[in-house]
Amino acid sequence: MSVKQNGKEEVRIGFYVCHCGHNIAAMVDCPEVAKYIETLPGVVLSRDYKYMCSEPGQDLVQQDIREYKLNRVVVASCSPLLHEHTFRSATEAGGLNPFFFHMVNIREHNSWVHTDRKEATEKAKGLAHAAIQRVAHHKALETKRVEINPAVLVVGGGIAGIHAAMTLANAGKKVYLVEREPSIGGHMAKFDKTFPTLDCAACILTPKMSEVGCHPNITLWTYSEVTKVDGFVGNFTIQVKRKPRYIDPDLCTGCQECIPSCVFKEPKFSDEFNEGLGKRKPVFISFPQATPQVVVIDPEVCLNFKRGKNPDGSAIVSDKCKKTCVDACGDKKAIDFTQKDIVEEIKVGNIIVATGFKTFDAERTPQYGYGKHKNVYTALEIERLVNASGPTGGDVIMRDGKTPKSIGIIHCVGSRDYKTNKWCSRVCCMYSMKLAHLLKEHTDAEIYSFYIDMRTPGKGYEEFYNKMLEEGVHFVRGRVGEVTDWAFTPEEEGKLVIRVEDTLAGYVRRIPVDMVVLATGLEPQADAQDVRRLFNMSCGSEGFFLERHPKLAPVNTFSDGIYLAGCCQGPKDIPDTVAQAGAAAAEALVLIDRGYIEQEPNTAFILDEECSGCKSCLPLCPYTAITYQEDRKKAVINEALCKGCGTCVGACPSGSIVQNLFDDDEIFSEIAGVMAYE
Amino acid sequence: MDKATQDAFNTGNALANAAYQSKKRNVTIDPVTRLEGHGKIDIYLDDKGDVERAYFQVPELRGFEVFSLGRPAEDMPQITSRICGVCPTAHHMAATKALDDLYKVEPTSAGRKIRELVYNAFTLEDHALHVFVLGGPDFIVGPEAPPELRNIVGVIGKVGLEAGRKVISMRRRVREIISYFGGKVVHPVLGLPGGVSKALKKEDLPKFQQLATDGVEFAEWTLQIFKDIVLKNPDYVKMILSDTYTHKTCYMGMVDEQNKVNFYDGKLRVVDCDGKEVCKFTAQQYREFVSEHVEPWSYMKFTFLKQRGWKGFVEGPDTGIYGVGPLARLNAADGMATPKAQAACEEYFKTLGGKPVHHTLATHWARVVEMIQAAERIEQLLNDPEITSPDVRRAPTSVPKEGMGVVEAPRGTLFHHYQTDERGCITMANMVVATGNNAARIAMSVERAAKGLIKEGHVTEGLLNKVEMAFRAYDPCLGCATHALPGHMPLMAHIYDHRRQLVQVLEQS
Amino acid sequence: MSEKPWTPRIVAFFCNWCTYTAADLAGVSRLKYAANARVIRVMCSGRIDPQFILDALNRGADGVLIGGCHPNDCHYVEGNYKMLRRFQLLQRMLGDMGLEKERVRLEWISAAEGEKVKTVMNEMVQTLTRLGPLGIPKRWDEWDKEMTEMEHQAGAQEPVACNCGIAKIKAEVAHV
Amino acid sequence: MSKPKVAFYWCASCGGCEETVVDLAEDILAVVEKVDIVLWPVAMDFKYKDIEAMADNSIFATLLNGAIRSTEQEEMAHLLRRKSQFLIAYGSCAHTGGIPALANQFSREQILKFNYEDAPSVVNENKVRPQLKFEEEGRSPHLPMLWDTVRTLDQVVEVDFYIPGCPPTPKLTKTAFDALLSGNLPPKGSVLAPDMALCGECPRKDSKPIDVVFTGFNRSATTILDPEKCFLAQGVVCMGPATRSGCEAQCVDGNMPCTGCFGGTSRVHDQGAKMLSSLCSNIESKEEAGINKTLEGIPDPVGTFYRYGLAKSILRRRINPTA
């Protein structure tokens with residue numbers, strides 16, 4: 001192994017192995033590793049130290065570089081994904097090119113996952129040896145600066161998206177807010193009150209919604225979806241598909257004259273916003289405070305459309321209808337049955353993904369009889385039922401037309417359950433108690449709340465629990481076995497019987513009630529996987545989007561410039577969601593205000609002399625960074641387009657493509673290194 | 001890639017090699033087994049000091065048949081040509097013909113003619129090489145001449161630099177025909193089942209036609225030189241006719257419909273030592289007529305006529321041993337296929353006392369006669385209008401299974417035999433080569449020469465040259481014989497007394 | 001370390017975005033697995049040159065593990081397919097060179113699959129333990145030894161029965 | 001002062017390299033004038049002890065062709081290394097193992113068994129095999145041992161330069177001679193041929209589109225080859241992109257694809273692996289079945305990608321010869 005770099009100046013390596021307190025030292029004999037590395041050619045000094053990432057640790061590196069004229073630095077500590085940047089900076093501060101540094105992962109990949117101290121130490125030596133051999137081949141590199149486009153895309157118009165968009169817009173940044181539904185507001189817009197303060201969801205949300213609607217810095221596209229994402233941090237190119245609502249949003253004043261004038265006198269189509277409890281017409285507006293205040297025509301049911309679709313996916317106009325709505329609209333002429341999908345293309349520098357969650361499908365727990373017994377409801381249905389603007393105007397009238405005298409609320413439906421979802425949905429305990437309160441308020445019924453554990457971590461949450469106890473809600477500890485209409489006793493007749501083991505009392509109880517409410521848990525959106533691919537993110541095993549680091553980068557993803565906010569990252573309540581949305585916005589602002597990002601200089605380039613022009617590499621580049629120059633009969637790589645995957649390097653049949661930071665000689669010497677040590 | 005990188009990578013191999021070399025630092029070979037790429041003769045004397053037994057050994061084996069296993073059949077013409085760089089075209093062509101048979105496809109007429117053109121060009125230049133560079137010097141410069149002169153340089157000295165240039169440039173020009181179609185002269189690539197890879201462009205025809213005419217002239221010129229230098233010298237003629245260089249064996253050669261000599265295609269005809277036809281068969285039938293015998297003291301296998309069986313190294317009316325090559329081809333055929341060659345052939349038999357000719361050294365003469373036929377055939381083919389047809393290949397369609405191919409290599413008959421799976425990958429490859437066919441006769445010639453030249457333990461320095469002449473006449477390609485050592489191989493002899501003690505080691509000169 | 005009992009040595013090539021991160025996750029989750037593998041990080045499995053795999057084996061690795069993103073999930077769109085294609089022919093070729101195909105393994109492991117890192121590592125150690133050492137550098141020594149031994153035999157070869165006995169040779173000499 | 005002494009020697013080779021030297025044709029005369037050939041088995045006789053007697057480094061340059069396959073060849077290599085200032089590996093066999101090195105995929109036993117027992121034309125009831133030391137009436141002719149492994153020259157001795165090719169072209173040979181005699185030489189260990197892949201000098205270079213992806217590979221046996229178009233564009237495996245140039249694309253001129261005899265460039269450690277990587281990366285299919293279907297056109301990767309380079313490849317020989 002040569003200790004010459006490019007046959008020129010002698011290589012002088014400084015090696016540091018970090019104890020990371022006990023995290024590493026407990027399983028790896030750090031002094032021994034240091035002792036071993038000291039013997040290798042090119043190594044000038046070899047130290048072990050308690051916390052390399054600490055201030056003194058970094059100073060140590062800098063001093064040594066000066067004092068011992070080091071020109072290479074290797075640190076064996078945690079994952080480079082965590083601290084590579086830290087030590088590169090230290091190396092630079094010491095007066096070296098930051099890329100004369102290499103990092104060895106002996107914590108995540110070693111001390112934390114192994115149990116035999118001897119083996120772990122051997123492994124650490126091998127990995128360190130490899131780094132020593134590798135770093136000798138490192139070359140001085142310049143980081144590439146990429147301009148940041150100050151515009152931001154926010155995907156999802158729930159409270160998370162709304163807050164993030166507002167924060168950025170108020171900071172003077174251009175924001176594109178894209179929402180799939182006809183109106184922003186998300187789940188929160190459907191809630192009646194919010195725990196624990198019981199202030200009305202609409203009252204706190206709708207002002208923010210209308211602000212968004214009219215904010216000069218925000219372009220709001222509802223009833224729209226992101227269809228394509230190209231580029232990288234700083235310069236994304238986005239395609240958004242705007243679905244036709246058959247109303248020109250610019251002409252529609254939101255007067256809603258068209259709705260009463262519709263040929264359908266009575267609403268007769270299931271109303272999504274009210275969870276199907278209410279009915280709407282073919283022309284409708286989701287809810288009174290919907291933003292934007294623009295009605296929508298549903299071509300599936302509107303008489304002016306044929307069933308089925310045109311080849312291009314657009315709806316088929318039949319012109320069979322009298323079009324009374326058009327008359328009602330008058331000379332506003334906002335109604336346009338010929339609308340088709342519009343594809344908008346925008347350029348942004350950062351993206352905030354706030355696509356939210358979906359509630360657990362109660363029919364997946366048949367033992368609770370949802371869909372079988374008509375008086376079994378989901379929590380979200382109750383939210384609408386108790387809501388003044390809901391289908392019943394706030395009166396709790398069951399599907400059988402009666403008002404309930406006794407109500408059972410079952411917690412953890414589709415949460416903490418190995419048959420469905422293992423995780424705790426975090427909000428159910430609280431909203432169940434909120435609903436208990438509201439139902440009692442509306443009906444004065446007896447409320448039974450069936451819980452496994454009462455989870456109330458949060459400001460004023462435990463107090464809210466005590467308040468409910470005082471209000472006389474009956475809390476029964478135990479997972480409900482089943483909900484049945486099979487009466488054993490006269491008093492059970494015509495009722496829904498909740499069978500549960502009361503684990504506090506220690507016996508099985510049968511509690512007859514009129515109404516059952518299922519506190520359904522939170523799940524990833526049905527299309528979370530597609531969205532993940534669209535934005536090149538990862539999902540956790542449960543399907544929520546994966547943050548870059550659970551503690552230190554909770555709103556970042558593995559793709560630079562793409563951030564997470566709200567329940568798409570995992571179940572959380574409104575305060576947490578808003579906080580996270582703010583954090584995501586802040587992350588974006590950091591880049592925007594710096595104006596550029598420094599990119600890993602791990603791009604590839606072609607050795608012009610050596611390239612034979614065989615064209616084998618050209619089809620390989622997904623970014624079309626490689627082009628063939630007909631006049632010179634050579635291939636060339638456009639460094640600006642190259643993302644540094646190295647695929648072309650691995651495939652060049654004459655070894656004429658080089659990748660910075662991951663070149664053949666670096667990797668071969670790394671292989672030699674790990675194998676050199678037995 | 002910078003120096004450091006090179007080093008970094010090479011460490012691995014360097015280590016392996018170092019480990020290896022450290023272990024093998026001081027390689028020394030018992031002088032008795034040292035061969036240095038020589039053909040080796042072990043001569044054992046009896047108590048009277050006369051030759052009791054002489055072993056002619058071929059010392060290496062590469063095993064092409066085995067490492068051809070699993071290869072796509074179409075690679076065989078190129079793989080097997082590496083058996084021998086002196087006669088690559090012979091193996092290339094035998095393999096190509098085996099592919100025709102394997103894929104059951106007839107080459108197009110033009111394709112066949114181009115193959116035959118290339119093959120005759122090869123025969124011409126290879127014979128020329130032997131006459132002027134390998135075997136010929138023995139005569140042209142003279143057997144007694146010092147070794148440093150018995151080579152091309154010596155020949156040039158004898159026939160004059162001009163003639164030397166003529167030989168060299170003629171060979172080069174003839175070889176251009178091969179490289180035109182085959183890309184390379186050594187290890188050409190033209191052969192494919194159903195024809196050849198490349199056609200002859202009309203505009204290139206004239207220069208080759210000129211060459212063809214010169215070729216015939218050159219072949220006749222060569223014959224003249226042979227007559228002037230060899231036949232006019234009574235000692236040489238006496239030596240050719242001497243008992244030492246004479247064996248009565250059978251002879252095998254390829255013949256066309258009219259039983260005339262053909263190098264590229266035809267049936268194989270075998271005559272006995274009285275010139276009577278013993279059998280006539282196609283390549284596909286070779287296993288019914290030809291078998292190989294194994295001796296424990298040589299890597300070379302000894303071929304014999306299956307029906308007659310292996311009777312040891314014996315000659316005479318019922319021997320199973322046969323010769324191949326120019327001498328054998330002329331004996332096995334009813335004459336040459338072209339006029340000038342036929343004339344030369346008749347003179348040859350007249351001078352040597354009729355058919356068949358058993359004098360090994362006459363092979364040199366027969367070789368020159370064949371040069372004339374090759375040259376004439378080239379001329380015929382280049383004047384055939386079809387030679388420039390672009391229709392040089394017919395793609396096979398049938399599923400491959402088994403195929404055999406045979407050609408007359410300059411040194412003699414050469415068989416290739418392959419079996420494949422349905423993908424056309426080799427599952428069995430067998431090759432019976434010219435020198436294998438001659439092996440038994442060579443071994444006998446060598447022993448005969450030894451016996452004739454060593455009496456009462458009196459071994460002369462010149463012995464080896466004489467022995468070697470018996471051996472060189474065959475232009476033996478031991479490379480082919482064992483798919484091992486290359487074309488022409490200097491000799492060395494170890495002589496043991498009746499106590500089996502090594503008394504003398506002879507190298508040439 | 002010559003005295004310590006043999007355990008398989010594995011060189012692993014992990015892509016930065018999925019498998020390497022998954023291995024980090026395994027660490028953060030304190031999962032426990034065998035310590036036999038040495039991980040080399042590349043940005044994308046598409047960077048993994050078959051030469052690396054051969055070189056690792058030639059330098060004494062008993063097996064090579066390649067980790068990349070799941071199909072459709074490549075951070076660089078389709079580097080993982082490029083690796084898959086190379087891998088399929090390379091594995092066949094290694095078979096033709098006498099290697100058991102289990103010695104080289106390709107696994108798709110996403111950033112979330114820390115558990116899978118653990119399972120795959122442990123499985124691979126088991127498989128290789130069953131297959132035994134590959135130890136190519138050592139084999140070269142063996143091959144050389146074997147060769148030297150053969151030369152020694154050459155001296156002491158016991159005669160073989162041969163079907164061309166002296167009598168026949170005499171006869172044949174007589175015949176001439 | 002006397003002319004520089006030059007030696008030619010061969011080990012496990014076919015003699016084609018020697019032919020090439022002869023093919024310097026007219027030039028050979030020029031060469032013969034400039035140098036003093038002290039050893040050339042194909043054309044002149046010599047004695048081992050003569051070489052042994054020479055002073056070390058007294059031979060200016062030795063061009064050795066052929067792979068190393070027996071102890072005797074190895075000893076000769078060592079001897080000539082001692083005696084020569086420059087030892088040059090001449091031709092594919094000495095450079096990368098050549099065709100004979102394909103034997104590294106098999107064992108000596110397989111070879112002996114087939115040749116002397118299983119070959120369809122062999123008649124050998126007693127299963128006689130050639131013996132290293134065969135005893136008959138006290139006579140004991142010896143044969144040299146064959147190695148199980150074919151080695152390149154630089155795997156047994158240090159090599160100064162390489163002249164690639166099966167065989168090398170007369171042109172390259174002459175250029176090498178001129179370089180040697182004139183003394184302007186590249187760094188030690190260099191291959192005396194251009195360090196760019198063959199496509200660089202291939203006449204069909206322009207006929208290759210920039211977007212060639214493979215849905216299948218065509219074999220020359222069953223395909224009519226277009227005389228103008230890039231072979232890869234025809235779906236025919238051509239080793240050109242992974243092979244050093246300098247041969248002037250002779251095989252392509254014969255309308256057959258390159259098979260790689262010049263070996264890889266200096267930047268590549270394993271020519272075959274690199275070609276494999278390049279071809280496979282450009283396969284169109286994305287799932288295993290489709291990829292395997294495409295790869296059916298390459299039934300023999302070892303013979304295709306290591307036709308001449310097995311001994312020099314990273315693995316160098318089959319791991320379990322008998323397995």
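Reader: Are B:Tyr180 and B:Phe181 buried or exposed?

Author: This is a predicted model, and in it both B:Tyr180 and B:Phe181 are buried.

Reader: What makes the pair of B:Tyr180 and B:Phe181 edge-to-face?

Author: The structure holds 38 aromatic pairs over all chains. For B:Tyr180 and B:Phe181 the ring centres are 5.0 Å apart, and a pair requires centres within 6.5 Å. Their planes stand at 75 degrees, and the edge-to-face class begins over 60. The pair is therefore edge-to-face. Chain B also has an aromatic cluster, formed by B:Tyr44, B:Tyr55, B:Trp297, B:Phe302, B:Phe304, B:Trp310 and B:Phe313.

Reader: How do you know that B:Lys301 lies over the face of D:Tyr116?

Author: B:Lys301 is at 5.9 Å from the ring centre of D:Tyr116, and the distance limit is 6 Å. A second case is C:Arg41, with its charged end over the ring of C:Tyr20 at 5.7 Å from the centre.

Reader: Why is D:His95 called buried?

Author: Its relative accessible area is 7%, and buried means under 20%, so D:His95 qualifies. D:His95 lies in helix 5 of chain D, residues 92-96. Leaving out residues up to four places away in sequence, D:His95 touches D:Ala89, D:Thr152, D:Tyr162, D:Pro164, D:Val191, D:Phe262 and D:Lys312.

Reader: What makes the link between A:Cys200 and A:Cys203 a disulfide, and why is it right-handed?

Author: The S to S distance is 2.2 Å, and the cut-off is 2.5 Å. The torsion about the S-S bond is about 100 degrees, so this disulfide is right-handed. A:Cys200 has 19% relative accessibility and counts as buried, because the limit is under 20%.

Reader: How many disulfides are there over all chains, and which cysteines of chain C are joined?

Author: In chain C, C:Cys18 is joined to C:Cys69, with S to S 2.5 Å. This link has 105 degrees about the S-S bond and is right-handed. C:Cys18 sits in the loop between strand 1 (10-15) and helix 1 (19-28), and C:Cys69 in the loop between strand 3 (63-68) and helix 3 (79-96), so the pair ties together parts that are 51 residues apart in sequence. C:Cys18, at 7% relative accessibility, counts as buried, and C:Cys69 counts as buried at 4%.

Reader: How do you know that A:Cys539 is in no disulfide?

Author: The nearest cysteine sulfur, that of A:Cys568, is 9.6 Å away, whereas a disulfide needs sulfur atoms within 2.5 Å. A:Cys539 is buried, with a relative accessible area of 8%.

Reader: What is the average pLDDT of chain B, and where is the pLDDT below 50?

Author: Chain B averages 84, and 84% of its residues score at least 70. The pLDDT is below 50 over residues 15-37 of chain B, a stretch with 58 contacts in the model beyond near neighbours in sequence. It is also below 50 over residues 478-489 of chain B, where the corresponding number of contacts is 65. Where pLDDT is low, the predicted coordinates should not be read in detail.

Conventions. Residues numbered from 1 in each chain as written. Chains lettered and ligands numbered in written order. Predicted model: local features only at pLDDT ≥ 70, side-chain atom pairs only at ≥ 80, totals over all residues. Heavy atoms only, no water. pLDDT = per-residue confidence, 0-100. Contact = heavy atoms within 4.5 Å. Phe/Tyr/Trp six-rings, centres within 6.5 Å; stacked < 30°, edge-to-face > 60°. Buried < 20%, exposed > 50% of the residue type's maximum accessible area, 1.4 Å probe, protein only. Lys NZ or Arg CZ within 6 Å of the ring centre and 35° of its normal. Helix = DSSP H or I, 4+ residues; strand = E, 2+ residues; numbered from the N terminus.
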